[in-house]
Every structure is written in structure tokens, then in C-alpha cells.
Amino acid sequence: MNSFISQVYAAIGIEVSGYRYGVPFIGTITRTRVKYGTDISVTVEDAENIYIIDGTALFEGKGGGYENLHVYL
């Protein structure tokens, strides 16, 4: 997991797809930041929305209202 989190932390410009409360989205990572502990916060933007996703949710593929998450590293 630490390797994945490190790769995502440096992945500005990489695409992320998934579902937020059942609505599909695909966007680009525009920012990352370190959170308390070992997690990160990832900002994903598309043409209309901004999504804030935890690194652990990206690793697990779900969490915080998100499902079927994929990072295209």
C-alpha cells in the first residue's frame, strides 16, 4: 500500500475513474496532499466537478461514497 500511495502522491495529471454515489465520473488528478498519519488526499477534477478522494479509498477501490475506483498509473 505504501508504494501505491507514493505513486499516487506524485501522479499529477493522471486519470481516475469511478462512481460517486452511483454517478460515473472520469477526471484528472490536479492536487495531492499529505493527511495526518499515512494517508493522502487526492483532488480529481473533471469539466464540471471536483472530487476529494482519500488515498486509501483509491487503493481499496471504494470508500467515502466512491465505488469502482481506478487510477491509470
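View 1. At 43% relative accessibility, Asn 68 counts as partly exposed (between the cut-offs for buried, under 20% relative accessible area, and exposed, over 50%, with a 1.4 Å probe and protein chains only). The model shown here is predicted: local features need pLDDT of at least 70 and side-chain atom pairs pLDDT 80 or more, while totals for chains, interfaces and linings use all residues. Residues are numbered from 1 along each chain as its sequence is written, and side-chain values use heavy atoms, without hydrogens or water. Asn 68 belongs to strand S5, residues 66–71 (helices, H or I of at least four residues, and strands, E of at least two, are DSSP runs numbered from the N terminus). Most residues other than glycine have a negative phi.

**View 2. Tyr 21 in the loop between S1 and S2.** Follow strand S1 (15–20) towards strand S2 (23–34), and Tyr 21 sits in the loop between them. Tyr 21 also has a positive phi of about 50 degrees without being a glycine. With 62% relative accessibility, Tyr 21 counts as exposed.

**View 3. The fold around these two residues.** Stepping back, you will find two helices and five strands, arranged along the sequence as α-β-β-β-β-α-β. The C-alpha trace spans about 30 × 20 × 20 Å along its principal axes. Buried residues make up 36% of the 73 residues.
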